[in-house]
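Hello,

Here is the structure we talked about handing over. My notes follow below it.

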Amino acid sequence: MRGLSGAFLSFFKTSRGCHCLRSYGVLTGQQYTSSDSKQYDGRLYPSHIPTSSVQKAVLALGSGVAALKNPYRHDMVAVLGETTGQQALIKLRDRMRNDPEGYTILIERPRIRLSTLDLTRMSALPDGTFGREYLRFLKENKVTPDTRADVKFVDDEELAYVMQRYREVHDLLHTLLSMPTNMLGEVVVKLFEAAQTGLPMCVLGAMLGPLHLSVSQSSTVAGSVSGTMGAAQWQSCPMCSEHLL
(Lines give C-alpha, C1' and ligand atoms only; values in the text may rest on other atoms or scores of the structure.)
Protein backbone atom coordinates (compact mmCIF):
# COMPACT_ATOMS: atom_id res chain seq x y z
CA MET A 1 0.00 0.00 0.00
CA ARG A 2 1.11 3.50 -0.74
CA GLY A 3 2.47 6.20 1.65
CA LEU A 4 1.73 6.76 5.32
CA SER A 5 2.00 10.55 5.29
CA GLY A 6 -0.67 12.11 7.47
CA ALA A 7 -2.56 8.84 7.50
CA PHE A 8 -4.17 9.01 10.91
CA LEU A 9 -5.63 12.49 10.59
CA SER A 10 -6.79 11.57 7.11
CA PHE A 11 -8.68 8.57 8.52
CA PHE A 12 -10.38 10.93 10.95
CA LYS A 13 -11.22 13.19 8.05
CA THR A 14 -12.36 10.88 5.27
CA SER A 15 -13.99 7.51 4.86
CA ARG A 16 -14.31 7.75 1.10
CA GLY A 17 -11.10 5.82 0.56
CA CYS A 18 -12.94 2.70 1.69
CA HIS A 19 -16.06 3.58 -0.31
CA CYS A 20 -18.41 4.43 2.54
CA LEU A 21 -21.99 5.48 2.11
CA ARG A 22 -23.38 8.15 4.44
CA SER A 23 -25.27 7.50 7.64
CA TYR A 24 -26.98 10.21 9.64
CA GLY A 25 -28.64 10.66 13.01
CA VAL A 26 -27.47 11.31 16.56
CA LEU A 27 -23.67 11.36 16.54
CA THR A 28 -23.86 11.03 12.75
CA GLY A 29 -25.28 14.21 11.29
CA GLN A 30 -26.85 16.45 13.88
CA GLN A 31 -25.33 19.13 16.04
CA TYR A 32 -26.29 19.25 19.70
CA THR A 33 -29.01 21.71 20.66
CA SER A 34 -30.40 22.68 24.04
CA SER A 35 -33.55 20.64 23.39
CA ASP A 36 -31.52 17.45 23.02
CA SER A 37 -30.80 17.11 26.74
CA LYS A 38 -34.56 17.23 27.37
CA GLN A 39 -35.16 14.66 24.65
CA TYR A 40 -32.64 12.31 26.23
CA ASP A 41 -33.64 12.97 29.86
CA GLY A 42 -30.68 15.20 30.65
CA ARG A 43 -28.22 13.20 28.54
CA LEU A 44 -26.38 14.71 25.57
CA TYR A 45 -26.86 11.67 23.30
CA PRO A 46 -28.68 8.33 23.64
CA SER A 47 -25.80 6.33 25.15
CA HIS A 48 -24.51 9.16 27.35
CA ILE A 49 -24.04 8.48 31.07
CA PRO A 50 -23.33 11.78 32.88
CA THR A 51 -20.61 11.46 35.53
CA SER A 52 -18.82 13.78 37.92
CA SER A 53 -15.05 14.26 38.03
CA VAL A 54 -14.84 11.97 41.05
CA GLN A 55 -16.87 9.29 39.33
CA LYS A 56 -14.67 9.55 36.25
CA ALA A 57 -11.57 9.15 38.40
CA VAL A 58 -12.98 6.01 40.02
CA LEU A 59 -13.97 4.60 36.64
CA ALA A 60 -10.55 5.41 35.19
CA LEU A 61 -8.74 3.69 38.06
CA GLY A 62 -10.92 0.60 37.99
CA SER A 63 -10.91 0.22 34.22
CA GLY A 64 -7.16 0.85 34.09
CA VAL A 65 -6.44 -1.96 36.54
CA ALA A 66 -8.81 -4.33 34.75
CA ALA A 67 -7.32 -3.51 31.33
CA LEU A 68 -3.79 -4.00 32.65
CA LYS A 69 -4.69 -7.44 33.97
CA ASN A 70 -6.50 -8.40 30.78
CA PRO A 71 -5.76 -6.22 27.72
CA TYR A 72 -8.51 -8.02 25.82
CA ARG A 73 -11.16 -6.45 28.07
CA HIS A 74 -12.18 -4.04 25.34
CA ASP A 75 -15.00 -2.70 27.48
CA MET A 76 -12.51 -1.61 30.13
CA VAL A 77 -10.15 -0.14 27.54
CA ALA A 78 -13.10 1.85 26.18
CA VAL A 79 -14.03 3.22 29.62
CA LEU A 80 -10.41 4.17 30.31
CA GLY A 81 -10.21 6.03 27.02
CA GLU A 82 -13.39 7.99 27.65
CA THR A 83 -12.69 8.96 31.25
CA THR A 84 -9.12 10.15 30.66
CA GLY A 85 -9.22 11.56 27.13
CA GLN A 86 -10.96 14.94 27.43
CA GLN A 87 -7.98 17.17 26.59
CA ALA A 88 -6.66 14.92 23.83
CA LEU A 89 -10.13 14.78 22.24
CA ILE A 90 -10.33 18.59 22.28
CA LYS A 91 -7.01 18.79 20.44
CA LEU A 92 -8.11 16.19 17.89
CA ARG A 93 -11.41 18.04 17.38
CA ASP A 94 -9.56 21.33 16.87
CA ARG A 95 -7.23 19.72 14.30
CA MET A 96 -10.27 18.49 12.40
CA ARG A 97 -11.95 21.90 12.58
CA ASN A 98 -8.88 23.53 11.07
CA ASP A 99 -8.83 21.22 8.06
CA PRO A 100 -11.43 21.44 5.25
CA GLU A 101 -12.08 17.68 5.13
CA GLY A 102 -11.99 17.39 8.90
CA TYR A 103 -14.51 20.18 9.25
CA THR A 104 -16.82 18.45 6.77
CA ILE A 105 -16.56 15.20 8.73
CA LEU A 106 -17.53 16.99 11.96
CA ILE A 107 -20.59 18.42 10.21
CA GLU A 108 -21.71 15.30 8.33
CA ARG A 109 -20.71 12.74 11.00
CA PRO A 110 -20.13 9.69 8.73
CA ARG A 111 -19.92 6.34 10.47
CA ILE A 112 -17.87 3.28 9.51
CA ARG A 113 -20.34 0.41 9.76
CA LEU A 114 -21.15 -2.60 7.63
CA SER A 115 -24.32 -0.77 6.63
CA THR A 116 -22.32 2.21 5.33
CA LEU A 117 -19.50 0.33 3.59
CA ASP A 118 -19.97 -0.46 -0.10
CA LEU A 119 -18.74 -4.05 0.28
CA THR A 120 -19.46 -5.01 -3.32
CA ARG A 121 -17.36 -2.19 -4.71
CA MET A 122 -14.59 -2.76 -2.17
CA SER A 123 -14.35 -6.47 -3.07
CA ALA A 124 -13.94 -5.51 -6.74
CA LEU A 125 -10.96 -3.25 -6.06
CA PRO A 126 -7.48 -4.48 -7.11
CA ASP A 127 -5.27 -6.17 -4.52
CA GLY A 128 -3.09 -3.65 -2.72
CA THR A 129 -5.67 -0.87 -2.72
CA PHE A 130 -6.69 0.28 0.71
CA GLY A 131 -10.38 -0.58 0.44
CA ARG A 132 -9.63 -4.12 -0.79
CA GLU A 133 -7.02 -4.74 1.91
CA TYR A 134 -9.33 -3.39 4.63
CA LEU A 135 -12.07 -5.78 3.53
CA ARG A 136 -9.56 -8.64 3.49
CA PHE A 137 -8.46 -7.70 7.03
CA LEU A 138 -12.06 -7.82 8.29
CA LYS A 139 -12.67 -11.23 6.74
CA GLU A 140 -9.38 -12.85 7.75
CA ASN A 141 -9.60 -11.66 11.34
CA LYS A 142 -13.36 -12.21 11.60
CA VAL A 143 -13.95 -8.70 12.90
CA THR A 144 -16.49 -6.03 12.03
CA PRO A 145 -16.66 -2.28 12.67
CA ASP A 146 -20.14 -2.84 14.13
CA THR A 147 -18.64 -4.26 17.34
CA ARG A 148 -17.16 -0.92 18.43
CA ALA A 149 -18.77 0.13 21.70
CA ASP A 150 -20.88 3.26 21.86
CA VAL A 151 -19.34 6.19 23.73
CA LYS A 152 -20.88 6.73 27.17
CA PHE A 153 -18.77 8.89 29.47
CA VAL A 154 -17.72 11.83 27.27
CA ASP A 155 -19.65 14.90 28.42
CA ASP A 156 -19.65 16.70 25.08
CA GLU A 157 -21.63 15.50 22.08
CA GLU A 158 -19.08 16.59 19.48
CA LEU A 159 -16.16 15.11 21.39
CA ALA A 160 -18.16 11.91 21.79
CA TYR A 161 -18.30 11.67 17.99
CA VAL A 162 -14.53 12.22 17.76
CA MET A 163 -14.00 9.35 20.21
CA GLN A 164 -16.40 7.16 18.22
CA ARG A 165 -14.55 8.07 15.05
CA TYR A 166 -11.25 7.10 16.69
CA ARG A 167 -12.65 3.66 17.51
CA GLU A 168 -14.01 3.11 14.04
CA VAL A 169 -10.71 3.89 12.30
CA HIS A 170 -8.79 1.50 14.57
CA ASP A 171 -9.06 -1.40 12.13
CA LEU A 172 -8.05 0.89 9.29
CA LEU A 173 -4.76 1.39 11.12
CA HIS A 174 -4.33 -2.36 11.51
CA THR A 175 -4.71 -2.57 7.74
CA LEU A 176 -2.37 0.33 7.03
CA LEU A 177 0.33 -1.06 9.32
CA SER A 178 -0.25 -4.69 8.23
CA MET A 179 -0.71 -5.68 11.87
CA PRO A 180 -2.82 -8.64 13.06
CA THR A 181 -5.25 -8.48 15.97
CA ASN A 182 -3.02 -10.41 18.40
CA MET A 183 -1.17 -8.75 21.29
CA LEU A 184 1.84 -7.91 19.15
CA GLY A 185 -0.31 -6.20 16.54
CA GLU A 186 -2.32 -4.28 19.13
CA VAL A 187 0.82 -2.93 20.79
CA VAL A 188 2.21 -1.66 17.49
CA VAL A 189 -1.10 0.02 16.62
CA LYS A 190 -1.33 1.57 20.10
CA LEU A 191 2.16 3.03 19.68
CA PHE A 192 1.05 4.61 16.41
CA GLU A 193 -2.20 5.88 17.96
CA ALA A 194 -0.38 7.29 20.98
CA ALA A 195 1.89 9.36 18.75
CA GLN A 196 -1.02 10.57 16.63
CA THR A 197 -3.74 11.21 19.21
CA GLY A 198 -2.08 11.76 22.57
CA LEU A 199 -4.95 9.85 24.20
CA PRO A 200 -3.73 8.72 27.66
CA MET A 201 -5.25 5.28 27.11
CA CYS A 202 -3.15 4.84 23.97
CA VAL A 203 -0.01 6.10 25.73
CA LEU A 204 -0.54 3.67 28.60
CA GLY A 205 -1.21 0.83 26.17
CA ALA A 206 1.97 1.63 24.26
CA MET A 207 4.02 1.76 27.48
CA LEU A 208 2.54 -1.21 29.34
CA GLY A 209 1.47 -3.44 26.45
CA PRO A 210 5.01 -4.75 25.84
CA LEU A 211 4.92 -6.27 29.35
CA HIS A 212 2.64 -8.94 27.87
CA LEU A 213 5.11 -9.74 25.07
CA SER A 214 8.07 -12.08 24.90
CA VAL A 215 11.57 -10.74 24.28
CA SER A 216 11.41 -11.74 20.60
CA GLN A 217 8.01 -10.07 20.20
CA SER A 218 9.33 -6.90 21.84
CA SER A 219 12.14 -6.86 19.29
CA THR A 220 9.57 -7.20 16.53
CA VAL A 221 7.65 -4.24 17.94
CA ALA A 222 10.82 -2.13 17.97
CA GLY A 223 11.55 -3.02 14.36
CA SER A 224 7.98 -2.37 13.25
CA VAL A 225 7.79 0.98 15.00
CA SER A 226 11.16 2.02 13.59
CA GLY A 227 9.98 1.27 10.07
CA THR A 228 6.66 3.00 10.60
CA MET A 229 8.25 6.10 12.12
CA GLY A 230 10.67 6.32 9.22
CA ALA A 231 7.90 6.17 6.64
CA ALA A 232 5.36 8.41 8.37
CA GLN A 233 5.32 12.16 8.72
CA TRP A 234 3.79 13.07 12.05
CA GLN A 235 2.45 16.42 10.96
CA SER A 236 -1.15 16.83 9.82
CA CYS A 237 -0.28 16.61 6.13
CA PRO A 238 -3.47 14.99 4.82
CA MET A 239 -3.36 11.84 2.72
CA CYS A 240 -6.27 12.21 0.36
CA SER A 241 -8.72 9.41 -0.36
CA GLU A 242 -7.25 9.11 -3.86
CA HIS A 243 -3.91 8.16 -2.29
CA LEU A 244 -5.56 5.42 -0.28
CA LEU A 245 -6.75 3.85 -3.51
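Buried residues account for 49% of the 245 residues in the protein. Please keep in mind that this is a predicted model.

**Overall make-up**

The protein has 14 helices and zero strands. Read from the N terminus, the order of elements is α-α-α-α-α-α-α-α-α-α-α-α-α-α. Take the contacts between residues at least 6 apart in sequence: 74% of them join residues at least 24 apart. The exposed surface comes to about 11500 Å². Carbon and sulfur atoms supply 57% of that surface.

**The cores**

In soluble globular proteins, nonpolar side chains tend to be buried together. Here, the largest nonpolar core holds 28 residues. Which of them touch the most other members? They are Leu89, Val154 and Leu199. Several elements give two or more residues to this core: helix H3 (53–69), helix H4 (74–84), helix H5 (86–97), helix H6 (100–108), H9 and helix H12 (200–208). H9 provides the largest share, six residues.

Leaving out residues up to four places away in sequence, Leucine 199 touches Gly85, Ala88, Leu89, Met163 and Tyr166. Another core, of 17 residues, lies apart from the largest one. Its members include Leu176, Met179, Val188 and Phe192.

**H5 against H9**

The axes of H5 and H9 come within 9 Å. They cross at roughly 90 degrees, so H5 is roughly perpendicular to H9. On the H5 side, the contact is made by Gln86, Leu89, Ile90, Leu92, Arg93, Met96 and Arg97. On the H9 side, Glu158, Leu159, Val162 and Met163 take part. By type, the residues of this contact are seven nonpolar, one polar and three charged.

Two of these names came up above. Leu89 is one of the residues that touch the most other members of the largest core. Met163 is among the residues touched by Leucine 199.

**Glutamine 164**

One more residue of H9 to look at. Glutamine 164 lies in this helix, which spans residues 157–168. Is Glutamine 164 buried or exposed? Its relative accessible area is 1%, and buried means under 20%, so Glutamine 164 counts as buried. What does Glutamine 164 touch, not counting residues up to four places away in sequence? The partners are Arg111, Arg148, Ala149, Asp150 and Val151.

Best wishes

Notes. Residues numbered from 1 in each chain as written. Predicted model: local features only at pLDDT ≥ 70, side-chain atom pairs only at ≥ 80, totals over all residues. Heavy atoms only, no water. Helix = DSSP H or I, 4+ residues; strand = E, 2+ residues; numbered from the N terminus. Buried < 20%, exposed > 50% of the residue type's maximum accessible area, 1.4 Å probe, protein only. Contact = heavy atoms within 4.5 Å. Core = buried A, V, L, I, M, F, W, Y, C linked by side-chain atoms within 4.5 Å. Areas by Shrake-Rupley, 256 points an atom, 1.4 Å probe, with all protein chains shown as cover. Axes fitted to C-alpha atoms, helices over the stretch in contact; angles between N-to-C directions. Parallel < 35°, antiparallel > 145°, perpendicular 65-115°, else oblique. Nonpolar A, V, L, I, M, F, W, Y, C, P; charged D, E, K, R; others polar.
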